[in-house]
Protein chains: 2
Amino acid sequence: MSDSSSNGDVVAALRDALGADCVSTGDAIGARHFTNYGEAAGVRPRALLRPRSVDDVSRALAICTAHRQAVVPQGGMTGLAAGAEPGARDVVLSLERMQGVVEIDADAATVTAWAGTPLEALQQAVDDAGFALGIDLGARGSCQIGGNVATNAGGNRVIRYGTTREQVLGLEVVLADGTVLSSLNKMLKNNAGYDLRQIFVGSEGTLGVVTRVVLRLHPRLAAPSTALCAVRDTAAALALLRAARTACSDLLSFEAMWPAFYGYVCEHTPGMRAPLPADDGVKVLIECASGDAAQTAGRFEAVLADWLERGLIDDAALAQNAADAQAFWTVREGLAIDDLPGLVNFDVGIPPRETAAFIEACDRALKARWPGAHVFFFGHLGDSNLHVCVSAPYAAGERAHDVDAVLYPLVRDAGGSVSAEHGIGRYKRDWLGCSRSDAEIAAMRRLKHAFDPLGLLNPGKVI
Amino acid sequence: MSDSSSNGDVVAALRDALGADCVSTGDAIGARHFTNYGEAAGVRPRALLRPRSVDDVSRALAICTAHRQAVVPQGGMTGLAAGAEPGARDVVLSLERMQGVVEIDADAATVTAWAGTPLEALQQAVDDAGFALGIDLGARGSCQIGGNVATNAGGNRVIRYGTTREQVLGLEVVLADGTVLSSLNKMLKNNAGYDLRQIFVGSEGTLGVVTRVVLRLHPRLAAPSTALCAVRDTAAALALLRAARTACSDLLSFEAMWPAFYGYVCEHTPGMRAPLPADDGVKVLIECASGDAAQTAGRFEAVLADWLERGLIDDAALAQNAADAQAFWTVREGLAIDDLPGLVNFDVGIPPRETAAFIEACDRALKARWPGAHVFFFGHLGDSNLHVCVSAPYAAGERAHDVDAVLYPLVRDAGGSVSAEHGIGRYKRDWLGCSRSDAEIAAMRRLKHAFDPLGLLNPGKVI
């Protein structure tokens, strides 16, 4: 296959250095390398690199820097912010061949893995060794741990373990100029100078390429206890959150669903029987887990009974088995809404005290602009993280992302974050100012300039 | 008082801008502003600034930058690494007047406080509001929260809550040029661009001056259950750590003491009766706590009985009341060793698997160099953090810090960290290379240059 682009020499140089097998162009580049999850295919990039080693990555980046060639690092493409989407003139650097567990250290309670390892495979390996990983999210089957780290992924267990950032003890990163920063620390505490790993976690591939990670491990969990609770409104859900934080030392998830979401999903999920009646209240999925399933179950049942008695919850469905728990999670994951036309998915952060007012203002504003719109709210209430999904009858000339201009100013007014967990990517770049001051954005540019002075890593993303 | 220094005009400019009351020189500067904890007084700095507001700090730093005047930010001076020690030509910026709690948000479970707030006062305010702070350490009465953040302080509860970094949700920082970065986020998750707070946590005042912090809060703890356990050796202590992580979901502390330390402290602490006999084994102080003291006590007693039966521990003393627990902690805090001449205190990080070999090699090397030396090992085994305290009969011309040249190469050989929790400061700056590669140190310099291009903030510290 000939390469007729003006930067053809960079592709030739990459082939020379890495071998033809690591460098694809044209039709040899699979569509998954330029297709965001749940979207139509984008544009085919100039080339796809699939390195096999840190040294490959280092040489590739040095060559791209020498040729002033932009590089888009890529994991599983499930980030929902177009953060790994290439342009036509970009080179994609996929970590997919650098996968697998390097080591599980039971004394240090750590796992070391290659960046391209799928999250689910990593979870399985860790479980086999008698530990639990602190990261879990819906895309576990297709996302990669390097991408989880690069985007500081959130997910369903943040209330227990913190975000991905809190799991990362060590990191190996290759900078734009090919420098390898190998900081594969396994110690829980390390104050030997600036904590460089923090710069790269959540930087979405704009400051360096993650090649290996060391994650802390947690004790393996027995089967969780899971309940779906009914409360009157957002204020009642927040009161329940405070009670759960205190009463449930083994709290694993605290996930809220507002009425439109809960009702729609129960009605439109094939074979679903609503675990609790769909009404005007808020539903909260609570999960607890420890090393001892029976102990957790006993404590959790007592806590639920106490909450019912004290009126903290109006009703509760307690999962009697794994199938029940799975059914509750199926509602929460809400795949039924994905079929709605032009659906856009937001992952805003809203301070708890502002949540009720934000939901009301957001619902009102969107339906005023698009009467008949579906506006769904659900998410990780325990982490101040609200998902908003919108499907509206857009007029000719309107795009789904026109919702952004209605929603993000409301996030700004609430003192919230335009991204709690998915990251900024391309979709939210122009809205960063709703959550960050000019001084903060200028400081981010200082950082970008310090580590990628030519602006070659994932251009057009984040800032 | 006249100021005859060559930079006298900077002092005049600072007095003009902040008022004479905020700027001290000469004898008006209290010795505590140039005396590290436990050491003789150092040299008096050019001036002492005690600003009352963020705006004061911003104007002061802008003036110092305009005059190319070095500034040493200062908290409680308890960091043990000379990280806030000024030189004769430096201006000290003390945060001590900017203290107090700004807000406790019970819904978000956060506290916002001024940097100069003493840790103990903050703990008390948080406790009064029904929460627990995730930070606790011996210097709680004199250290300041801004200093805790600037040094990423560790302490006794890291195994439960993580380091100070994990507590910091929001941060307000003033850069060398006077720019105020006010990122007072209260949300558990926020991926709106680069996480700037991470750059400043643990940077020891070399990248910016912390003025306000937002910390996450945890549920208030009832009285803990505390036991002192005897195990054979380091390997047995690590096996016990693994068991405790699994069996004690409410584990709060896991602190080890090796025989020389335990024996010396028990013998030399006035009025102390050794809770367990001093012998050749390792002693482990274990503390558990939840919201319910009786539940914790019941579980903990059962766990101890199980460990005795399974031979995981050889003996245990269970605190029957708060006085017992305090006595155990008095041994662990080991103030009795502070009277030894020329004592030097190390806070190294050692990977668990290397701990036993490191202790043996370190003890042997130090006693070969200084026969008759006291070499004590104790610390936060659950966090891979070992304290080494050395008092040796130094010859004429030797200094206590000559121990560094024996100890840090052994840390390097063990793949450890020259500082697990105190930070690098001045004392460990020249030893950073034992724990960080040239590439890592070069990356740290990129960061320093990006945020303090003139090198005016805390010069000579960290790098």
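This briefing describes the interface between chains A and B and then an interface between two domains of chain A. The structure is a predicted model. Chain B and chain A bury about 6,400 Å² between them, whereas domain 2 and domain 3 of chain A bury about 680 Å² between them.

**Between chain B and chain A**

- The contact involves 80 residues of chain B and 80 residues of chain A, and 56% of the area that the two chains bury lies on carbon and sulfur atoms.
- K189(B), N191(B) and Y194(B) supply 16% of the area that chain B buries against chain A, more than any other three residues.
- The rule finds 14 salt bridges across this interface, and D383(B) forms a salt bridge with K189(A) in which the closest N and O atoms are 3.5 Å apart.
- Polar contacts link 33 residue pairs across the interface of chain B and chain A, with both residues at pLDDT 80 or more.
- Elements of chain B that each supply at least two residues to the side touching chain A include β5 (101-105), α8 (234-247) and α14 (438-451), and the largest share, 9 residues, comes from α14(B).
- By class, that side of chain B divides into 32 nonpolar, 29 polar and 19 charged residues.

**Between domains 2 and 3 of chain A**

- The domain assignment places domain 2 of chain A at 101-219 and domain 3 at 225-334, and their centres, taken over C-alpha atoms, are separated by 30 Å.
- In this pair, 6 residues of domain 2 are in contact with 12 residues of domain 3.
- N156(A), I159(A) and R160(A) lose the most area on the domain 2 side, together 81% of what that side buries.

Definitions and conventions:
Residues are numbered from 1 along each chain as its sequence is written. Chains are lettered from A and ligands numbered from 1 in the order in which they are written. This is a predicted model: local features need pLDDT of at least 70, side-chain atom pairs count only at pLDDT 80 or more; totals for chains, interfaces and linings use all residues. Side-chain values use heavy atoms; hydrogens and water are left out. Contact means heavy atoms within 4.5 Å. Buried area is the accessible area (1.4 Å probe) that two parts lose on being put together, summed over both. A salt bridge is a side-chain nitrogen of Lys or Arg within 4 Å of a carboxyl oxygen of Asp or Glu. A polar contact is a pair of N or O atoms within 3.5 Å; within protein, one must be able to donate a hydrogen and the other to accept it, and residues adjacent in sequence count only if both atoms are side-chain atoms. Helices (H or I, at least four residues) and strands (E, at least two) are DSSP runs, numbered from the N terminus. Ala, Val, Leu, Ile, Met, Phe, Trp, Tyr, Cys and Pro count as nonpolar, Asp, Glu, Lys and Arg as charged, and the others, Gly among them, as polar. Domain bounds come from an automatic or database domain assignment.
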